[in-house]
Amino acid sequence: MAMDETVAYKVGTIYPGYSIMVIAAVLGGLLGIGGGAFNVLGMNSFMKLPMKVSSATSAFLIGVTTVASASIYLLRGDINPLVAGPNALGVLAGSIAGSKITQHLNPKTIKKIFIPILLYSAVQMCWKGWWM
Amino acid sequence: MKRFFAGDCESCLSNCIQTGIILSASVIMIGMIMLFVMGTSGYPPNVFPITLTQVFTGLLALKPAAVITTGIILLILTPLVRVGLSVIFFLKEKDFQYVLITGSALVLLISTLILGKMFV
């Protein structure tokens, strides 16, 4: 599992993967967290895909699937352009940088970066669920 | 494995996404520069264009909020166009299993657009 190397892999357990993705999508649509965290988790642990393949697929898929919920929010007038505009520019710059950086990183490092992000969103959701 | 490395189509789809992103990012950027220069969104506070006609008329009147919304609409449309293009490419390759998969994704995306409009 290193850089500049072709890693052979097999896609395992597609059907449990399906159900994880449905749960991930519902939660992502409800909470507005994009669902990417669940996506990577589902693909990496349940479908046995390598880390880089999961994060690339997830990043790609989210662009396409978020259109489903984003278009509903936009048509309902829930998106304030003055807030969304700067956000979109920042996210675009960040995701371009991220996709370039990930090619030079060890999969283990990516996982280590991923852990605090998952922990943070878990704590935040618990907080929102119980105390707000 | 051939279908995953069909060079031409892949680079065309990648170009499609990159063009959409650069286009929408520059439109949003122009809108934000206009917002800072003009000092107003062109609408009263907490009011912004929602329907396509509102966005379009606002765009013609060069209202910053409408320009930013146009950029956001372009950003949302980019993946939709990309899925549409991939249906065409798979049709060309006569890969009907993938035509079915991408086609159903496209139908789902367009139907949420229409349903989201209907059940406001």
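Tyr15(A) is exposed, at a relative accessible area of 65%, where exposed means over 50%, buried under 20%, and partly exposed anything in between, with a 1.4 Å probe and protein chains only. This tyrosine lies in helix 1 of chain A, residues 14-31; helices here are DSSP runs of H or I with at least four residues, strands are runs of E with at least two, and both are numbered from the N terminus.

Before going further, a word on conventions. This is a predicted model, in which local features need pLDDT of at least 70 and side-chain atom pairs count only at pLDDT 80 or more, while totals for chains, interfaces and linings use all residues. Residues are numbered from 1 along each chain as its sequence is written, chains are lettered from A and ligands numbered from 1 in the order in which they are written, and side-chain values use heavy atoms, with hydrogens and water left out.

Tyr15(A) belongs to a nonpolar surface patch, together with Tyr9(A), Val11(A), Ile14(A) and Tyr18(A), and the accessible area of the patch is about 580 Å². Patch members have over 30% relative accessible area and no salt bridge; nonpolar side chains (Val, Leu, Ile, Met, Phe, Trp, Tyr) are joined within 5 Å, and like charges within 9 Å. The areas come from the Shrake-Rupley method with a 1.4 Å probe, and for residues only the protein chains shown count as cover.

Let us turn to the interface. How many residues does each chain bring to the contact? Chain A contributes 22 residues and chain B 27 residues, contact being heavy atoms within 4.5 Å. Between the two chains about 2,300 Å² is buried, and carbon and sulfur atoms give 86% of this. Buried area is the accessible area, with a 1.4 Å probe, that two parts lose on being put together, summed over both. Of the area that chain A buries against chain B, 26% is supplied by Leu75(A), Pro81(A) and Leu89(A), more than by any other three residues.

Over all chains, the search finds one. In that salt bridge, Arg76(A) and Asp78(A) meet through their side chains at 3.5 Å, N to O. Asp78(A) is partly exposed at 45%, and Arg76(A) is also partly exposed at 45%.

What of the cysteines? The count of disulfides over all chains is zero, a disulfide being a pair of cysteine sulfur atoms within 2.5 Å. For Cys16(B), the closest cysteine sulfur is that of Cys12(B), 7.0 Å away and therefore too far for a bond. Cys16(B) is buried, at 15% relative accessible area, whereas Cys126(A) is partly exposed at 34%.

Most residues other than glycine have a negative phi. Leu62(B), although not a glycine, has a positive phi of about 55°. This leucine sits in the loop between helix 2 (52-60) and helix 3 (64-92), and is exposed at 51%. Lys94(B), likewise not a glycine, has a positive phi of about 55°. Its place is the loop between helix 3 and helix 4 (96-118), where Lys94(B) is exposed at 61%.

Methods
A salt bridge is a side-chain nitrogen of Lys or Arg within 4 Å of a carboxyl oxygen of Asp or Glu.
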